[in-house]
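Morning, everyone. I'll walk through one structure today, helix by helix and contact by contact. Here it is.

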Amino acid sequence: LNSLRVKLGERSYDIISGNRIFAEFGNLCRAMKLGERVMIITNPTIGRFYLGTLKESLVNHGYKVVDLEIPDGEEYKNLATLKLIYDALVDARLDRSSFLVALGGGVVGDITGFAAATYLRGLSYVQVPTTLLAQVDSSVGGKTGINHEKGKNLIGAFYQPKMVLIDVSTLDTLPEREYISGLAEVVKYGIVCDTGYFHFLDENVDNLLKRDKSCLETIINRSCELKASVVSRDEREAGLRAILNFGHTIGHAIESLTEYKKYLHGEAVAIGMAQAAKISEKLGYSSGDDTRKIVSLLEKLGLPVDLPRFDMELYLKAINHDKKVKDGGIIFVLNNGIGAFSLEKITDLDSLLKTCRIGG
Ligand SMILES: NC(=O)c1ccc[n+]([C@@H]2O[C@H](COP(=O)([O-])OP(=O)(O)OC[C@H]3O[C@@H](n4cnc5c(N)ncnc54)[C@H](O)[C@@H]3O)[C@@H](O)[C@H]2O)c1
């Protein structure tokens, strides 16, 4: 088992990862001194594969376990599903000493975390992420929440889990497109945080595409290490944590303009990162060679890089709706070469996008 500490004072916790480790879960929960009663929240797609093993491990260690399956899909990360969870918690009479387990991707993780943050003013929860995106990104850092019909993630809380347990073998059943999309967030860490890591990814494209277990363990550990280090220094996104939004300003605009139908999150972020790389080059933060390396790695992994064709006005409108716009400018994350970042307030994004756009 690999273990990595997210250092957040009294809210610190471990990320434990390995291959086929679900049988250890009950034991680890005991070591954490988590309460006697637990609800596992998952969805039918994931539950079919992994609920049995995870539940058995808890039962074997004396826990009283109930489970709840919520519908599968981003469109269910909403108030109606949250109510289903609250109802089930009340029915099962879970109390303050009980804990929740989020078994699934970012959708299950975000909504379960928010239920844990709010039910009885807060109970403990554990993240058991099963998508690559959740394993390298969403399960770490304590952002929880749900969507509002007018916008994504508008309702939520910062609320840290007690533990994150990552079993890389769950990626065996993850659909190809979801897997590749998750790789975009992995590449992101290389571009803005770690040159050596970027080169490791570039040299391991084949292993990544094969889902080689040892390569997967390496990227999950390194990505979590980088995210944990950023989150430890800036839990509530006062500044530094914003660097993890590299590629996301344009990515979110693409998702919203295509009504969340055409691209998965990571795919839109990949396009956003390719554009951000171009903009960084234009502003003198990086070279043409850096941009080519970034775009080429994304393409080798099978990620899209071309900006879909929409009126620039529409892009600007979508970007202005974003939470990150302040006083007429956007705090934009740029890559400083490869492996470092700069934050800059940009007021003329439209002209930059016009001169920089890749493809489309
Ligand atoms: N909290 C954060 O910091 C943070 C960060 C990034 C994204 N997010 C959120 O994460 C969500 C997206 O998460 P996601 O990409 O994991 O999508 P997801 O949770 O919708 O999962 C994608 C699909 O894969 C299925 N699936 C999951 N694990 C599987 C497995 N092992 N085998 C087979 N199928 C499996 C799911 O049922 C679903 O159909 C968004 O709501 C986004 O807002 C949160």
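The buried residues of α7 (195–203) pack against α6 (176–193), α8 (205–210), α9 (213–233) and α12 (288–300). Contact here means heavy atoms within 4.5 Å. Helices are DSSP runs of H or I with at least four residues, strands are E runs of at least two, and both are numbered from the N terminus.

A word on the source: this is a predicted model, so local features need pLDDT of at least 70, side-chain atom pairs count only at pLDDT 80 or more, and totals for chains, interfaces and linings use all residues. Residues are numbered from 1 along each chain as its sequence is written, and side-chain values use heavy atoms, with hydrogens and water left out.

Back to α7. Which of its residues are buried? Y197, F198 and L201 are. Buried means under 20% relative accessible area, exposed over 50%, partly exposed in between, with a 1.4 Å probe and protein chains only. Down the axis of α7, the buried residues fall within an arc of 105°, so they line one face of the helix. That arc is taken from the directions from the helix axis to the C-beta atoms. At the start of α7, a side-chain oxygen of D194 comes to within 3.0 Å of the backbone nitrogen of G196. The polar contact rule is this: N or O atoms within 3.5 Å; within protein, one able to donate a hydrogen and the other to accept it; residues adjacent in sequence count only if both atoms are side-chain atoms.

Next, rings. There are six aromatic pairs in the structure. Rings of Phe, Tyr and Trp (its six-membered ring) pair if their centres lie within 6.5 Å; planes under 30 degrees apart are stacked, over 60 edge-to-face, the rest tilted. F49 and Y50 have ring centres 5.6 Å apart and planes at 45°, so this pair is tilted. F49 is partly exposed at 35%. Y50 is buried at 12%. Y86 and Y119 are stacked, with 6.5 Å between centres and 25° between planes. Y86 sits in helix α3 (79–91) and Y119 in the loop between α4 (106–118) and β6 (124–129), so the pair ties together parts 33 residues apart in sequence. Ring pairs also join F22, F49 and Y50 into a cluster.

Now charges over rings. The criterion is NZ of Lys or CZ of Arg within 6 Å of the ring centre and within 35 degrees of the ring normal. R30 puts its charged end over the ring of Y63, 4.0 Å from the centre. K188 lies over the face of Y189, at 5.1 Å from the ring centre.

On to salt bridges. How many does the structure hold? The count is 19. Each is a side-chain nitrogen of Lys or Arg within 4 Å of a carboxyl oxygen of Asp or Glu. D172 bridges to K213, with the closest N and O atoms 2.8 Å apart. D172 is in the loop between β9 (163–167) and α6, K213 in helix α9, so to speak distant parts of the chain, 41 residues apart. K293 and D289 meet at 3.4 Å, N to O. Both lie in helix α12, four residues apart, about one turn. E259 and K261 pair at 3.7 Å, and both are exposed. Finally, salt bridges link D137, E185, K188 and K227 into a network.
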